[in-house]
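Subject: Structure handover

Hi,

Here is the structure we talked about. Please open it next to this email and read the two together.

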Amino acid sequence: MNYPVWQTLFPAGLLIAVVAVVHVFVSHFAIGGGAFLVLTESTAYRRNDLGLLQYVKRHSKFFALLTLVFGAVTGVGIWFTIGLVSPEATSSLIHTFVWGWAIEWVFFFVEITAAIIYAYNWDRLDRKTHLTIGWIYFIAAFMSLVVINGIITYMLTPGAWLQTKNFWDGFFNPTYWPSLAMRSVICVLLAGVFGLITAVRERGEVRDRVVRLAGMWIVAGSVLLPLTAWWYYAKFPVFAKAYMAGALPAAQHPVRGGITCAALGLLFALVFAIWKPRLMRAPLVVFMMIFAFGLMASGEYLREFVRKPWVITGYIYANDLRTEAIDSHIANGAQPKWLTVANPEEDQVGYGRELFTIQCSKCHSVDGYRGMTKRVRGWDATFAANMLAHLDQLRGNAMPRFAGNAADRQALGAYLATLSPARAETITDANRAEIGKQVFVTRCGACHTLGGTVRPLDAAFTGASPEQVRDMLPVLESMSPNMPPWTGTDAEAQALSTYISSILSENAGAAK
Amino acid sequence: MTILTIPTPDPMPLPAPLWLLHTLLLLVLFLHLLAMNCALGGGLTVFLNALRGRSERHPFSRQLATELAPMLPIFVAFTITLGVAALLFVQVIYGNLLYTSSILLGAAWMSVILLVIVGYYGYYYFSHHAEKSPRSAVAVLAVAVLCFLCIAFVLVNNMSLMLTPNRWQQMYRAHPGGFNLNFGEPTLVSRYLHMLIGAIGVFTAVLAHLGVRKMRTQPEYGAWLVRRSSVIFALTTGIQFITGTWFVMAMPRDIAMSLFREPLPGIVFGVSVILSLVAMVLLLIGSTAVKPGPLVHAGFLCALLTLALMVGLRHMVRTAYLAPHFDPVTLPVNSQTGVILLFFVSFVAGLATVGYMVAKVARASVTAARAAGAD
């Protein structure tokens, strides 16, 4: 609430994801590709293989054009994007790691100079000097990963930094080494995938050899990837492991996506690059690129997903609010510095919309990505305000605490209630079960499951008749201080109790 | 009614003494501007000479465009690399101002990334295709130069908006999606023109310096380059007096007056004006001298010193603008001494490595040139 919010048509966090994924896809190639170039050049000299040497020369031009321009500029793009979307977190990262970035910049400077010289001085420099510059490029590029990896991993697992605020505690954090190993392996894999782009354009007998060579890099990376990924997962924080264990089922999507892409990429590399390299054609290379991009996007998405609700774990929430500021906002009100609504005191819904923009819109849209309309279906303003009081306790504990007082919650609740007005249809015997399910999902499902592992309601309601369940609804808040009072209609109460009773009866029957 | 809102600076202390951060900021900014002047001034020079060189009557223009074309992407590479460093240090000191102004200009600010990619690839396209398909190459170059002109305009918008927080709330209410430009800023156009003409001027000084070197192997071409560059430098210096005066006149009165009233800004201002005039005179005399080398090199050096002093003066203007709202001197400091030392060690090692690589290429180029001469 310290900074204005850049109000985009979609959750602005998505923009970070897009820019970051595109960048890391090329930047990991920029590292692995450096090793690929210099090792292949070395092999070509050793075997006096002119065909291979010509391939490396051509590949180096493609490499330079892609990494120097697109790779480098999208890296700057991440800086621009995070500054716009999460200025508070960016400022914190800068204050913690400015010297880390300055050291990375030195390597970047060396890397850029070496890449230009390497790609455009094949005929001018002698072989030994050219190879030396290739190695300088690779070492500088890898060192930039060594540095930036400390900052990226710190965001998920800041470790002892939270207590000490010491640079090195944050840098060499619990996921530093496994992440470095995993990213190094990905560099190898991507070097092979991008190597195919130029390999299939070669003519003559060298074509099959370079396709096979690229395939071997892909296979080497793919074989090592699961080991490093498992090591990385082993160091995840407890809450992140809980998401993946089922608290947030959506965490499984990027895992499945990543495994599928990696497996298909490995299969294609084995068949079309190593076994039958002649079959590797441009369309198959496109598929390989898609698999590699899918793998990279899945990994980055998962890394961001399991960090919920934080942008820096334990320090700054994903909505750019600092943990230390939340208590003050709860006691004294949100008091945003930047408002577009003219009269917040007179325009409760308008002010609520503004709070939504400030506290929710970085991750949630109204109707689109992580849209709220479907999540608040049938909510009234009072119920919404009550839910906001327990935001951090919703299923999975993946939401930040709401930063505001009762009046702020009521304002945001009033706005959320306008997104999906109360149910208008008449509840009949025909639609009662379906509506009961909807009411459960929107009013209970944010925190509870039936027959699941997350705060199951089975113990409380198994064996209860619909009437008995319904009788408990008016006294919900007396069961636990975290339970909001029932504010739905009688018809909804009837539909909900019928649904709960029937599902638990079915579950009990199935168990017998 | 003007509502003044300035985000609270980061609660964490500055990770280094302010003087060190400022020194590094100004140093990399000077280098960034030098590279930018070559990228932008160079792009304009190549474009105009490529157009002019299409006629058989202007072979030197054609030669200049051909020789400079492969340098353009390299200039851009170093502009970006050095710009990243400047962005890093400006964020740590003035982050609460820069993030806010960037958000208010969000759409334009993000467009910089796309424009850099298009412009950068445009320069590469020209350098690879100028010989084979000159028409399309020149058209692409025009688009690339236009991209860099737009980027410079957005940068000037942001760097001026971050100094004027009194305008922020109004702009946010008008366009919270970031579809703003800082057109309400009285210095916007003059500041942009001052930077733009300055870029052309500095690059022509670089060209005059290059021309003297060319005179050793190609006397006529080298003399043409020195002569032409010196005249354009003189012209841009003259225009800079107009844009510079306009810039100062457009500033709030108290800030403009501080440039002349305070001793340090006044001295820096005065010396930079004198140096630019000295550079102009040296280059003009040098361009007609029998042995232009010492005069042109001295003129080039004066032009570089003028740029360096202007960077310093720009910082003083920023401080004067921000004085009523924000003073970084008040920020707490907790130096990360060990990491700072590591940075300087890696910086020296990095410079040595770059020096080694550049020396190898330079030596190889000399050897190749000698071999070509022997043939």
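H3(A) and H4(A) pack at about 160°, and their axes are 8 Å apart. Axes here are lines fitted to C-alpha atoms, for helices over the stretch in contact, and angles run from 0 to 180 degrees between N-to-C directions. Helices (H or I, at least four residues) and strands (E, at least two) are DSSP runs, numbered from the N terminus. The angle makes H3(A) roughly antiparallel to H4(A). The cut-offs: under 35 degrees is roughly parallel, over 145 roughly antiparallel, 65 to 115 roughly perpendicular, and the rest oblique. The crossing of H3(A) and H4(A) is left-handed. A crossing is left-handed if the near helix is turned anticlockwise from the far one by less than a right angle, and right-handed if clockwise. The contact of H3(A) with H4(A) has 19 nonpolar, five polar and two charged residues. Ala, Val, Leu, Ile, Met, Phe, Trp, Tyr, Cys and Pro count as nonpolar, Asp, Glu, Lys and Arg as charged, and the others, Gly among them, as polar.

This is a predicted model: local features need pLDDT of at least 70, side-chain atom pairs count only at pLDDT 80 or more, and totals for chains, interfaces and linings use all residues. Residues are numbered from 1 along each chain as its sequence is written, while chains are lettered from A and ligands numbered from 1 in the order in which they are written.

Helix H7 (residues 176–199) and helix H8 (residues 206–234) of chain A cross at roughly 160°, and their axes come within 7 Å. That makes H7(A) roughly antiparallel to H8(A). Their crossing is left-handed. The contact of H7(A) with H8(A) holds 22 nonpolar, seven polar and one charged residues.

Where the chains meet

How many residues does each chain give to the contact between chain A and chain B? Chain A gives 51 and chain B gives 53. Two residues are in contact if their C-beta atoms, placed from the backbone, lie within 7 Å. On the side of chain A that touches chain B, helix H2 (50–85), helix H3 (87–120) and helix H4 (127–156) each supply at least two residues. H3(A) gives the most to that side, with 23 residues. By class, that side of chain A has 34 nonpolar, 15 polar and two charged residues.

Chain A overall

Chain A has 20 helices and two strands. Its C-alpha trace spans about 85 × 55 × 40 Å along the principal axes. Of its 512 residues, 50% count as buried. A residue is buried if 20 or more other C-beta atoms lie within 10 Å of its own, exposed if 12 or fewer, and partly exposed in between, with C-beta atoms placed from the backbone.

Chain A is divided into domain 1 (12–317), domain 2 (323–419) and domain 3 (432–511). The bounds come from an automatic or database domain assignment. The C-alpha centres of domain 1 and domain 2 of chain A lie 38 Å apart. Their contact takes 13 residues from domain 1 and ten residues from domain 2. On the domain 1 side, the elements giving two or more residues are helix H1 (12–46) and helix H9 (238–247) of chain A. That side divides into ten nonpolar, two polar and one charged.

Chain B domains

Chain B is assigned domain 1 (18–181) and domain 2 (186–323). Their C-alpha centres lie 19 Å apart. The contact takes 22 residues from each of these two domains of chain B. H1(B) gives the most to the domain 1 side, with 13 residues. That side has 15 nonpolar, seven polar and no charged residues.

Loops to check

- Lys308(A) and Pro309(A) are joined by a cis peptide bond, with omega about -5°. Pro309(A) lies in the loop between helix H11 (282–305) and strand E1 (310–312) of chain A.
- Asn48(A) is not a glycine, yet its phi is positive, near 50°. Asn48(A) lies in the loop between H1 and H2 of chain A. Asn48(A) counts as exposed because it has 8 C-beta neighbours inside 10 Å.
- Asn397(A) also has a positive phi, about 50°. Asn397(A) counts as partly exposed, with 17 C-beta neighbours inside 10 Å.
- Phe183(B) lies in the loop between helix H6 (168–174) and helix H7 (188–217) of chain B. Phe183(B) has 8 C-beta neighbours inside 10 Å, so it counts as exposed.

Best wishes
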